[in-house]
Amino acid sequence: GVVTALSYAPSGDRLLSASADGSIIIWSSKSLSPTLNLTGHGEGVTDACFAPDGNAVASASTDKTVRLWDLQKNGKSRTLSGHKDAVTSVSFAPDGILLASASKDGTVQLWNRGSAKLMNKLEDPFGSVRFCRFSPDSARLATSSDAKLRVWNVMVGEVGNTLEGVHAEAINCAAFYKDGTAIATGSDDKTVVLWDPRTLGGKAGIVLKEHKAAVLDCAFSASGKYLASASSDNTVLVYH
C-alpha cells in the first residue's frame, strides 16, 4: 500500500514505515531488513512515530483509534479510543510524558503515555485537524485545520497564539526550529513560511515560493542548519 509515514528512532538504528494498508514495519537501518511487524489497526495508518526514548511507537489510523506499541514487549499494543472520526496525526512530547493525536473530528486529544489515559481534549472550532506537532520544550503544540496555525499552551489547554495572514490556503505541516524560536509551515498555496511564534499573530519572516504545487511536509535538520520541504510537485527542496 501507499507509504504514509516514515520515522527514525532517536538512536538512528531503526526506521519505521507506515502504510495505508494498515501495516507498520520496523526496519534495521544497517541491514535495511524488517525486524518487526506491528499489526492491529482495522484500516489504513495515516501517521506513526517513535517515542523520544525509542522504546515505543504511536500510530494514527482512519479506524478512529490511536495505538501505542511497546517495542520492549515485542510490539504489544494499547488502543487509545476517543476520536469520533479518522485520526490524522500523532506526536510525542519531547519530554516523553504526553502523546497528542489530531483528528478529522475537530479535536486534538492529549494522552498520558504511561497510563494511556486521556488528559485533555483541545477543540478546534474550524473542523478537521490536519496535524499536531510539539515544540522542543513540550509546552506548546502546533495544529491547523485551515490557513491559520494555532499554537496551543499545553498546560492551559488553550490557543496561546494564532499565526495567520500569510498562507492563502490550508496548512499541511509545521516544524519547530530546535530552540522553539521559529516555526516552518507548508501549505496548499505552494509556499513554505518561517514564523516567529513569540510575536502575537506570528510575524512571518521569510516566505519561500520555490514549489510548483502543494507543500505536504517540512522538517528541520537536528542541527537546525537545514530546512527540507516535500511537495506534490514531486520534489524535495533543502534550504539553508
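1. Surface patches here are built from residues with over 30% relative accessible area and no salt bridge; like charges are joined within 9 Å, and nonpolar side chains (Val, Leu, Ile, Met, Phe, Trp, Tyr) within 5 Å. Accessible areas come from the Shrake-Rupley method with a 1.4 Å probe, and for residues only the protein chains shown count as cover. Tyr226, Val236 and Val238 form one nonpolar patch on the surface, with about 290 Å² of accessible area together. Val238 sits in strand β23 (residues 236-239). Val238 is exposed, at a relative accessible area of 52%. (Buried means under 20%, exposed over 50%, partly exposed in between; 1.4 Å probe, protein chains only.)

2. Note the basis: this is a predicted model, where local features need pLDDT of at least 70, side-chain atom pairs count only at pLDDT 80 or more, and totals for chains, interfaces and linings use all residues. Residues are numbered from 1 along each chain as its sequence is written, and side-chain values use heavy atoms, with hydrogens and water left out.

3. Look at the open sheet of four strands, ordered β1-β2-β3-β4, with antiparallel pairing. Strands β1 (3-8) and β4 (34-38) are at the edges with a single partner strand each, so one side of each has no neighbour in the sheet. (Strands are DSSP runs of E, at least two residues, and helices are runs of H or I, at least four, numbered from the N terminus; two strands pair if DSSP finds at least two bridges between them.) Four bridges join β3 (residues 24-28) to β4. Ile24 stands opposite Leu38 in β4.

4. How many disulfides are there? The count is zero, with a disulfide taken as two cysteine sulfur atoms within 2.5 Å. Cys132 is in none; its nearest cysteine sulfur, that of Cys49, is 8.4 Å away. Cys132 is buried, at 0% relative accessible area. The sulfur of Cys173 lies 3.2 Å from that of Cys218, too far for a bond. Cys173 is buried too, at 3%.

5. The whole structure has eight salt bridges. (Each is a side-chain nitrogen of Lys or Arg within 4 Å of a carboxyl oxygen of Asp or Glu.) One pairs Asp47 with Arg133, with closest N and O atoms 3.7 Å apart. Asp47 is in strand β5 (residues 45-50) and Arg133 in strand β13 (residues 131-134), 86 residues apart. Asp47 is buried, at 10%, while Arg133 is partly exposed, at 27%.

6. Asp196 and Arg198 also meet in a salt bridge (3.0 Å, N to O). Asp196 counts as buried at 19% relative accessibility; Arg198 counts as exposed at 59%.
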